[in-house]
Amino acid sequence: MRVLCVIGFLALSIMGRAQLSEVDTLRWQYRVSATGSWLRGNIEQFMLLGTAEIAHVKERWGFKSAITYQYGTFFYRQTLGEGIWRNFVYANPRARLYPYLMLWYQQSYQRGIDHRTQVGPGLTYVLLRKNAQLLKLSATATYETSTFRSATYRERPDLTDPLIGTYRLTGRIYGEHRIMKGLMRLQCEAWVQPSLTDADNLRAHVEAALSIPLKKGFALRQAVNWSYESVVQQRNMYEDLLWTFGVSFEGRSKAH
């Protein structure tokens, strides 16, 4: 008889949070969160998704640095491991239209990416910034270099080097919304990154997180991440979908 024994579901989210945007007036803002799952029995599976963000916003300038890390095992063998470090430096971030400089660094075990770096300037236009609601559009021009584990690519025999460099244009939409009079919070982000030098090199990403506050800083939280890359290693899929959920704890800090 097949028995599936779930010994533990691990869902831990420690979330020191302030609005990492221009919604409130906090100058130093931080957020640390983690969600995950653990399955034992006929199947052994562990997965953890963690994020850490810090931002400092003033009238004339600001910066934001965020790290997202995924780790997972299947029958004690690593199957998931990806880290993305995103950095932004802003000028006049309180304005409706403001420029910024972006620097991203990424490593991905499941995608076979040893190193990936993107750097370039961008512009953000704020469509809505009112009553803890935020909606903005961004466009960024970057140069990217990716070093893959090998030079074998799925349906791309024309690519023969593990190092790929290209110029990209990124379109991004980001929103934070409190709904049902603050009973739930929705945070969403979507971006697409076509290559300007290779029409078959496209990347896209969508993520959304819904939090339902409970008491004393605790909340129920669900997060969905979907990503697509058209240039992948020979045995890799083009799409990844990650859905995590659990209980979170939330706090605030104000430092001027």
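**Exercise 1. Find which residues make up the largest nonpolar core.**

Start with the list: the largest nonpolar core has 10 residues, namely Phe 88, Tyr 90, Tyr 98, Tyr 100, Met 102, Trp 104, Val 126, Leu 134, Tyr 174 and Trp 191. Here a nonpolar core is a set of buried Ala, Val, Leu, Ile, Met, Phe, Trp, Tyr and Cys residues joined through side-chain atoms within 4.5 Å. Buried means under 20% relative accessible area, exposed over 50%, and partly exposed in between (1.4 Å probe, protein chains only).

Next, look at the strands: β5 (77-91) and β6 (97-108) each give at least two residues to this core. The largest share, four residues, comes from β6. Strands (E, at least two residues) and helices (H or I, at least four) are DSSP runs, numbered from the N terminus.

Before going on, note that this is a predicted model: local features need pLDDT of at least 70, side-chain atom pairs count only at pLDDT 80 or more, and totals for chains, interfaces and linings use all residues. Residues are numbered from 1 along each chain as its sequence is written, and side-chain values use heavy atoms, with hydrogens and water left out.

**Exercise 2. List what Met 102 touches.**

Set aside neighbours within four places in sequence; Met 102 is then in contact (heavy atoms within 4.5 Å) with Asn 87, Phe 88, Gln 118, Val 119, Gly 120, Thr 140 and Thr 142.

Now for the other core: a second, separate one of six residues includes Ile 113, Tyr 153, Leu 159 and Val 231.

**Exercise 3. Sum up the whole chain.**

Count elements: the protein has zero helices and 13 strands. Then check burial: 43% of its 256 residues count as buried.
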